[in-house]
Amino acid sequence: MERSSALDRVESVLDAVDDGLLPVPVREVWVYGDVALGLDPVDRLDVYVTKDLLLGSDADTDTDFESTHGVKGVGQSVSAEWAEANPHLLRTNGSGYAAPEKCLAAHLLPEDEPVHLEVCNASFEDNVRQRLKGALAREAYEEILDPRGVCLYAEGRRSDSALEKLRAGELAFPTLPESLSMLGVDDDTAAEAAEAVTAYRASQSGRTVRGDVV
């Protein structure tokens with residue numbers, strides 16, 4: 001997509017987070033990859049969201065939604081208030097329980113755009129390190145999370161200045177192999193891992209979402 005369109009999409013995500021009525025509370029919003037690097041066009045828009053757990057639960061709402069929509073976990077894994085306002089956006093995992101990451105994707109992003117959404121309970125920086133450690137141990141380099149990210153929302157506030165810098169292309173980042181080397185990966189492995197990450201991203205199409213727990 002054109003860079004301007006990708007950044008408009010990012011701004012719409014921030015607007016939705018500011019609105020506050022979401023499937024789960026959102027603590028951070030980052031963008032990484034192509035859009036952070038200033039590329040135009042952007043092959044895929046990568047968005048990272050740090051979610052918080054819901055506090056408390058509403059068992060009655062869970063029962064109601066299971067009987068009317070066949071969805072379990074409403075009021076527990078996702079907000080009952082949000083689900084009542086947006087039943088058409090409810091998404092489930094294979095066991096029929098409301099899946100927070102899929103509900104967030106349905107709420108924040110259109111289905112027909114090349115956007116990837118990462119949803120995790122950990123901050124972007126912590127998850128970069130955890131994913132890197134696991135990927136190196138398994139030699140599953142495609143699972144690495146590109147560390148070149150920009151924080152646009154944290155602690156209940158959005159950073160309009162960071163968004164302006166993205167629009168102006170004022171941010172500079174090293175290459176992916178260099179970034180991985182800075183995190184302690186040896187140069188040969190960093191080069192191989194970067195190729196795997198690039199190939200995996202190229203194999204994706206449309207809107208994709210990944211939920212992670214650290």
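Q: In what order do the six strands stand in the open sheet, and what is the pairing?
A: The order is 5-4-1-2-3-6, and the pairing is mixed. Strands are DSSP runs of E with at least two residues, helices are runs of H or I with at least four, and both are numbered from the N terminus. Two strands pair if DSSP finds at least two bridges between them. This is a predicted model, in which local features need pLDDT of at least 70 and side-chain atom pairs count only at pLDDT 80 or more, while totals for chains, interfaces and linings use all residues. Residues are numbered from 1 along each chain as its sequence is written, and side-chain values use heavy atoms, with hydrogens and water left out.

Q: What makes strand 5 and strand 6 stand at the edges?
A: Strand 5 (157-158) and strand 6 (208-212) each have a single partner strand, so one side of each is left without a neighbour in the sheet.

Q: How do you know that strand 2 is paired with strand 1, and which way do they run?
A: Six bridges join strand 1 (residues 26-32) to strand 2, and the two run antiparallel. Within this pairing, Val31 has Val47 of strand 2 as its bridge partner.

Q: What joins strand 2 to strand 3, and are they parallel or antiparallel?
A: Six bridges join strand 2 to strand 3 (residues 115-120), and these strands run parallel. Thr50 has Cys120 in strand 3 as its bridge partner.

Q: How many bridges join strand 1 to strand 4?
A: Five bridges join strand 1 to strand 4 (residues 149-154), and the strands run antiparallel. The bridge partner of Trp30 in strand 4 is Cys151.

Q: Why is strand 2 called largely enclosed?
A: Seven of the seven residues of strand 2 are buried, so the strand is largely enclosed by the rest of the structure. Buried means under 20% relative accessible area, exposed over 50%, and partly exposed in between, with a 1.4 Å probe and protein chains only. Leu45, Val47, Val49 and Lys51 point one way from strand 2, while Asp46, Tyr48 and Thr50 point the other way.

Q: Why is the pair of Trp30 and Phe124 called stacked?
A: Rings of Phe, Tyr and Trp (its six-membered ring) pair if their centres lie within 6.5 Å; planes under 30 degrees apart count as stacked, over 60 as edge-to-face and the rest as tilted. A search of the whole structure finds three aromatic pairs. In the one formed by Trp30 and Phe124, the rings are 4.6 Å centre to centre with 20° between the planes, and the pair is therefore stacked. This pair links distant parts of the chain, with Trp30 in strand 1 and Phe124 in helix 6, 94 residues apart. Trp30 has a relative accessible area of 10% and is buried. Phe124 is buried as well, at 1%.

Q: What makes the pair of Tyr48 and Phe124 edge-to-face?
A: The rings are 5.2 Å centre to centre and the planes are at 80°, so the pair counts as edge-to-face. Tyr48 is in strand 2 and Phe124 in helix 6, 76 residues apart. Ring pairs link Trp30, Tyr32, Tyr48 and Phe124 into a cluster.

Q: Why is Asn127 called buried?
A: Asn127 has a relative accessible area of 0%, and is therefore buried. This residue is found in helix 6. Contact means heavy atoms within 4.5 Å. Leaving aside neighbours within four places in sequence, Asn127 is in contact with Tyr48, Cys120, Leu145, Asp212 and Val214.

Q: Why are the buried residues of helix 9 said to line one face?
A: Seen down the axis of helix 9, the buried residues fall within an arc of 135°, so they line one face of the helix. The arc is that of the directions from the helix axis to the C-beta atoms. These buried residues are Thr189, Ala190, Ala193, Ala194, Val197 and Arg201. Asp188, Glu195, Ala202 and Ser203 are exposed on the face turned away from the buried side.

Q: What covers the buried residues of helix 9?
A: The cover includes helix 2 (34-37), strand 2 (45-51), helix 6 (124-138) and helix 8 (176-182). Leu176 lies in helix 8, and its contacts, leaving aside neighbours within four places in sequence, include Ala194 and Val197. Leu176 is itself buried, with a relative accessible area of 7%.
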